[in-house]
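Here's a model to walk through. Have a look at it first, then we'll go through a few spots together.

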Amino acid sequence: MKAVRIIIAVAMATALSWAAAMPRLHAQANGGRPYKVEPGPFKVQTIKELVLEDAKRGKDLQLRINYPDGKGPFPLVVWSHGAWGTKDNYLVLTEHWASHGYVTIQANHSDSRALGRSLRDRTVFQDWQSRPADISFILDSLDEIEKKTPALKGKIDREHIGVGGHSFGANTAQLIGGARAYLLTGEKSFEDKRVAAVMLLSGQGPGEMLTEKSWQHVSRPMLVMTGSEDGPTRTGQPAEWRTKPYELSPPGDKYLVWVEGLDHGYGGISGVNFSGRNKVNEDHVNYTKIVTLAFWDAYLKGYRKALDYLRSPALHGFSKGAAEIKHK
């Protein structure tokens, strides 16, 4: 039996040049306008802490849930924080999505500083396999979450689920999305077929558990985002290494967003500057809000205008050439 403890609170919520490859869909219509950078029509309600007990793993999983104050069902986005992050980071994104009609769930993974992990503790990366297990456990528990939280009854659309993450969380998302890990014991898949689309902000290329063939089975829509200052990584890789999930995956609804000058903090999307080196940049936050919502709208809601935006030069124009989207 799963035990659920609930505390509910309500809150208001390149160096690369791809111009020649950019499709010209609706170029004049979109111009240089942003895509839904302002808050959406829904007031955002928040369940600040909901604790699920995973009896099989002997683990309590702490969740934060944002949801629209409106009649559902709404698509679900499960968001995975970076190393040492918490369920309460990235609200600039998750609350933005919720205001536009999404239920968002964020968990404290085992490496979270909210659970007492030190920022100096580099062993946190050894527990990477527990993170995709957390995501699948959340999806297993949707009925339980709704049952124990009456306010969520009927709001979660189980047929339209996205998973995304930043940094270590991006690795979690790509494993859930079908990227294969290669261990001493052989190939291992963490794919969850309930997930319709995945999003990688500052994802990982080949190295450690990943090889160049890890992405050959990724068939679902995927958005990869990074920028020129998003490196070197903790393993010494340049920012361009983070484009590999896009480059090594098969064609079909794959997107790569490159932002000149973007660093690992994306202008402040997590709400915490772990390194002290990342710069606050409202433009970079806005570019991230624009492309992430357009991607979810295109692949979780089926909005044609969102798809057209992703495949147009609109973001390039809005950013005055700083941000570009490539797709295949």
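Which residue with a positive phi follows H2? That's Gly 101, with phi near 100°. Before going on, note that this is a predicted model, where local features need pLDDT of at least 70, side-chain atom pairs count only at pLDDT 80 or more, and totals for chains, interfaces and linings use all residues. Residues are numbered from 1 along each chain as its sequence is written, and side-chain values use heavy atoms, with hydrogens and water left out.

Buried means under 20% relative accessible area, exposed means over 50%, and partly exposed is in between (1.4 Å probe, protein chains only). The buried ones are Leu 93, Thr 94, Glu 95, His 96, Trp 97, Ala 98 and Ser 99. Their cover includes strands E2 (44-54), E3 (59-68), E4, E5 and E9 (197-201), plus helix H7 (282-300).

Strand E4 (residues 74-80) is where you'll find Ser 80. Ser 80 counts as buried because its relative accessibility is 0%. Skipping neighbours within four places in sequence, Ser 80 is in contact (heavy atoms within 4.5 Å) with His 109, Arg 131, Gly 164, Gly 165, His 166, Gly 169 and Thr 172.

Leu 119 sits in the loop between strand E5 (103-107) and helix H3 (130-140). At 42% relative accessibility, Leu 119 counts as partly exposed.

Note on methods. Helices (H or I, at least four residues) and strands (E, at least two) are DSSP runs, numbered from the N terminus.
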